[in-house]
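This briefing goes through a single protein chain, topic by topic. Please keep the sequence and the structure in view while reading.

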Amino acid sequence: MLVALGEYLTATEARQVADGLRDGVPLAFAVAAVDPARRTEAERLLKATGLAGTDLVRVLRAVQGAKSVTTSAQPVFTMPGHLVTASPLTTSTAELVRSARSSVVCSTYNFETTSGLWDALRDAAGRPGVHVRVYVDADAANGSSVASWIAPGVVLRTRSIDGKPVRNHAKFVSVDHRFVIVTSANYSWSAENRNVELGVRLDDPALADAIESQMREAEASLYEKVKL
């Protein structure tokens, strides 16, 4: 059962549940850190271990550590005429999103319907158990259109602070709390097919966790949820 638990939880989920248990939060509440669609199975596996308290926290820390090792890093390019021969293309990001099993978290300045991610995010958000969260710039992207398109996924747009708009120039995609692509490319056909753009794809759960956690913490101050 411990093996099944380790295979099921992501590094982020294991860390957050362990933090809750360490702070004395009951398991029924600590497991709220897991994506809603995966929560019931996660709680079942946690209970099936027969462990509690410090012993369960130790197991969760082991899961977190085992899934927090970088295994690869490679450049991701866009160039006119698909001149790239030695690394993946930016268009491969859409395939990564379509392969998501539990989550997709991404951010961009501009989001156009011509982007390969337009359909990929809708496909991911429509699959049971996959939680999609998108951050966009309030002025550059039509948040309402994006939110309607990827529902039940969540879209957040930047808001103004002291009367001045906050620009969302962070451009990344994080899949399954593990794979991260950080890129200069926006979500548009030209950025994915014609411009000269450079990104890096990493298999790094610790990095994915750090990025996703920072964005979550920033939501209260910098973003607002787009309502349908």
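Asp 176 is found in the loop between S7 and S8, where helices (H or I, at least four residues) and strands (E, at least two) are DSSP runs numbered from the N terminus. The model is a predicted one, in which local features need pLDDT of at least 70 and side-chain atom pairs count only at pLDDT 80 or more, while totals for chains, interfaces and linings use all residues. Residues are numbered from 1 along each chain as its sequence is written, and side-chain values use heavy atoms, with hydrogens and water left out.

**Backbone features in loops**

- Asp 176 has a phi near 55 degrees, a positive value in a residue other than glycine, and is buried with a relative accessible area of 12% (buried means under 20% relative accessible area, exposed over 50% and partly exposed in between, with a 1.4 Å probe and protein chains only).
- His 177, found in that loop between S7 and S8, also has a positive phi of about 55 degrees although it is not a glycine, and at 7% relative accessibility it counts as buried.
- The peptide bond from Ala 151 to Pro 152 is cis, with omega near 10 degrees, and Pro 152 is found in the loop between H8 and strand S4 (154–158).
- As background to these features, most residues other than glycine have a negative phi, and most peptide bonds are trans.

- Helix H2 has 12 residues and reaches 16 Å from its first C-alpha to its last, close to the 16 Å expected at 1.5 Å a residue, the expected span being 1.5 Å times one less than the number of residues.
- Because 10 of the 12 residues of H2 are buried, this helix is largely enclosed by the rest of the structure, and its buried residues include Thr 12, Glu 13 and Gly 20.
- The buried residues of H2 pack against H1, H3, H4, H5 and helix H10 (205–222), with contact meaning heavy atoms within 4.5 Å.
- H2 and H5 pack at an angle of about 155 degrees with their axes 8 Å apart (axes are lines fitted to C-alpha atoms, for helices over the stretch in contact, and angles run from 0 to 180 degrees between N-to-C directions).
- That angle makes H2 roughly antiparallel to H5, since angles under 35 degrees count as roughly parallel, over 145 as roughly antiparallel, 65 to 115 as roughly perpendicular and the rest as oblique.
- Among the residues that meet across this pair are Ala 14, Val 17 and Leu 21 in H2 and Leu 56, Leu 60 and Val 63 in H5.
- Just after H2, Gly 24 takes a positive phi of about 90 degrees.

- Helix H4 (residues 36–48) has 13 residues and reaches 19 Å from its first C-alpha to its last, close to the 18 Å expected at 1.5 Å a residue.
- The buried residues of H4 are Arg 38, Ala 42, Glu 43, Leu 45 and Leu 46, and what covers them includes helix H1 (2–8), helix H2 (11–22), helix H3 (27–30) and helix H5 (53–66).
- Gly 50, which lies in the loop between H4 and H5, takes a positive phi of about 75 degrees and counts as exposed at 63% relative accessibility.
- The C-alpha atoms of Gly 50 and Met 1 are separated by 9.4 Å, although these residues are 49 apart along the chain.

**Nonpolar cores**

- In the largest nonpolar core, which has 28 residues, Val 97, Val 104, Leu 121 and Val 132 touch the most other members (a nonpolar core is a set of buried Ala, Val, Leu, Ile, Met, Phe, Trp, Tyr and Cys residues joined through side-chain atoms within 4.5 Å).
- The elements giving two or more residues to this core include helix H6 (92–98), strand S2 (103–107), helix H7 (116–125) and strand S3 (131–136), and the largest share, 6 residues, comes from H7.
- A second, separate core of 18 residues includes Leu 5, Leu 27, Ala 30 and Val 57.

**Helices H7 and H8**

- H7 and H8 pack at an angle of about 45 degrees with their axes 8 Å apart, and are therefore oblique to each other.
- Trp 118, Asp 119, Leu 121, Arg 122 and Ala 125 of H7 make this contact with Ser 145, Val 146, Trp 149 and Ile 150 of H8.
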